[in-house]
Amino acid sequence: MHPAAIAPRTELIYRHALIVRITHWVNALCLLVLLMSGLQIFNAHSELNWGSKSEPDHALLSMRAVQRADGSYAGITTIGSTSFDTTGVLGLSGKGANLEARGFPAWITLPSYRDLATGRRWHFFFAWLFALNGLAYLLYTLLSGHARRDLAPTRGELEHIGTSISEHISLHFPKGEEAKHYNVLQKLAYLAVIFGLLPLAILSGLTMSPALDATFPFLLDLFGGRQSARTVHFLCATGIVLFVFVHVFMVLVSGLWNNLRSMITGRYAVETPEGGHAG
Amino acid sequence: MPGDRTLTRRGFLTRGAALGGAVLLGGCNDALSRSPSFREMLARAEGATQAVQRLVLSNRALAHEYTEADLSAHFKANGSTGVDDAGYRALAQSGFADWKLKIDGLVERPTELSLTELRKLPARTQITRHDCVEGWSAIGKWSGAQLGPLLQSVGLKPDARYLVFHCADTLGRDGQYYESIDLIDAFHPQTILAHDMNGTALAEPHGAPLRLRVERQLGYKHAKYVMRIEAVSSFAKMRGGRGGFWEDLGYEWYAGI
């Protein structure tokens with residue numbers, strides 16, 4: 001209960017440093033372009049394999065267009081040995097005369113039309129931008145103490161992770177002092193993405209390079225072959241998409257404008273009940 | 001000056017935001033994808049990739065070699081899988097007995113070599129992974145003359161910088177296949193002119209009678225149906241000016257990734 005008589009005091013704190021804000025948005029743009037151009041590249045061979053070579057009979061995942069008994073076509077996605085009819089989205093998509101066999105549909109690939117060469121140009125340009133931007137962020141975050149101060153969870157936080165989980169489930173978030181820093185689930189999610197998922201995406205991407213494989217053979221050992229690396233790369237992209245969904249959802253439910261402002265101007269509003277201390 | 005730097009940064013951010021907006025608005029990205037100047041900007045990444053890969057790549061580092069057990073049961077034949085040309089058909093009819101590989105351009109001793117002569121040259125057999133630009137990989141065993149010693153025997157002129165491979169096949173309306181590599185790859189020990197695949201003479205779908213293997217690059221660099229090797233100082237004035245059939249259609253000349 002919030003008795004109207006006690007008006008909460010709003011305090012604007014400086015939450016995100018300029019370099020964090022810039023690298024955040026550059027990163028967001030890069031990931032969007034990398035995802036969409038990556039799906040264009042995936043469409044050139046819309047199946048995933050494990051090991052060194054591609055064997056259509058042993059594909060882990062495939063998206064194909066097949067002819068039905070009545071002569072019409074269907075998009076079939078197969079994961080392991082289970083097939084799904086995904087007509088209109090995966091395997092076969094497009095309206096009317098534009099109906100075509102393609103893994104992912106036109107609205108999510110870059111460019112929308114089938115063009116592997118151009119997809120690769122987008123992908124590699126933004127891969128460079130992504131890597132350099134990520135490097136700038138990492139240098140800042142490690143050298144400035146941002147990682148240790150703001151991202152590393154404390155022992156106490158880890159011990160009370162259950163509280164944070166129930167807060168998230170009920171969508172009730174800390175106010176006052178506690179809202180001035182990231183909560184433990186946030187910290188763990190960011191750490192996993194920054195030091196896990198994103199570097200893994202880069203490494204698995206580089207392992208698809210025949211030139212780099214020659215120089216750094218351990219890349220092939222690490223992933224168990226070039227086709228495995230391609231599959232891991234795809235899974236990393238999937239993981240990043242899932243993270244972004246959750247991230248954007250949390251931004252929406254925990255105060256869209258406040259969160260957006262803090263990532264643009266750096267200022268974040270924290271409500272402190274009269275008296276200053278929020279237990 | 002600090003003022004200038006701020007302006008540049010602001011300009012960069014504005015442009016970045018505009019670009020982000022354009023990508024988000026479906027359809028606009030297709031206009032960008034087709035814009036020649038934007039495509040040129042994107043293509044600059046290829047220069048960075050080539051420079052960095054060549055920097056970290058020891059020139060002699062070998063592509064991983066596999067064992068017989070790893071061979072692909074079915075090695076996909078991509079691109080051209082046959083040749084219509086009447087001259088080629090006549091040569092194929094006689095098992096390429098009258099076929100000759102021509103080596104010319106910026107060389108001291110222009111040469112013609114029959115298959116029998118090629119088979120007598122210093123050769124190499126290697127089981128390697130073929131990585132198609134489309135994303136699939138297949139493992140095959142290749143045997144053929146090493147390109148390096150062959151080039152030494154014909155003698156490259158000092159201004160020779162690239163080797164252009166002229167092929168017998170045509171793909172669609174875009175004309176005859178051709179490819180080019182630089183001297184770093186030409187003299188790499190695994191760069192061979194393969195006449196055998198998996199222990200038998202190269203079949204037509206895989207480029208009979210001779211295909212280039214340039215193991216540290218993607219599949220389209222491995223020209224099939226090679227008829228002539230020409231040493232040049234530049235390929236800028238040849239065909240589309242980008243040094244290869246697929247390159248002229250927008251693919252990277254340096255296909256290391």
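Predicted model: local features only at pLDDT ≥ 70, side-chain atom pairs only at ≥ 80, totals over all residues.
Hi everyone, thanks for coming. Chain A has a mean pLDDT of 93, and 95% of its residues reach 70 or more. If you go element by element in chain A, strand β1, residues 9–14, has the lowest mean pLDDT, at 89, while β2(A) has the highest, at 98.

Now the overall picture of chain A. You will find 10 helices and 8 strands in this chain. Its C-alpha trace spans about 75 × 50 × 35 Å along the principal axes. Of its 279 residues, 29% count as buried. And if you take the contacts in chain A with a separation of 6 or more, 60% of them come from residues 24 or more positions apart.

Next, the domains. How is chain A divided? Domain 1 takes 9–48 + 106–272, and domain 2 takes 49–103. Over C-alpha atoms, the centres of these two domains of chain A are separated by 30 Å. Where the domains touch, domain 1 of chain A brings 13 residues and domain 2 of chain A brings 16. On the domain 1 side, α1, β2 (47–48) and α9 (226–253) of chain A each supply at least two residues. The largest share of that side is from α9(A), with 4 residues.

One residue pair to look for on your screens: L48(A) has L61(A), in β3(A), as its bridge partner.

On to the interface between the chains. Here 36 residues of chain A are in contact with 42 residues of chain B. On the chain A side, α1, α2 (116–143), α7 (210–215) and α9 each supply at least two residues. Which helix gives the largest share of that side? That is α2(A), with 8 residues. The chain A side divides into 23 nonpolar, 8 polar and 5 charged residues.

Finally, the cores. The largest nonpolar core has 67 residues, and the members that touch the most others are F165(B), C167(B) and V226(B). Its largest share, 10 residues, is from helix α1 of chain A, residues 18–43. There is also a second, separate core of 13 residues, with A211(A), C236(A), A237(A) and I257(B) among them. Coming back to C167(B), what does this residue touch? Leaving out residues up to four places away in sequence, the contacts of C167(B) include Q176(B), Y177(B) and Y178(B). They also include A223(B), K224(B), Y225(B), V226(B) and M227(B).

That's my tour, and I'm happy to take questions.

Note on methods:
Residues numbered from 1 in each chain as written. Chains lettered and ligands numbered in written order. Core = buried A, V, L, I, M, F, W, Y, C linked by C-beta atoms within 7 Å. Buried ≥ 20, exposed ≤ 12 C-beta atoms within 10 Å, placed from the backbone. Contact = placed C-beta atoms within 7 Å. Domains from an automatic or database assignment. Nonpolar A, V, L, I, M, F, W, Y, C, P; charged D, E, K, R; others polar. Pairing = 2+ DSSP bridges. pLDDT = per-residue confidence, 0-100.
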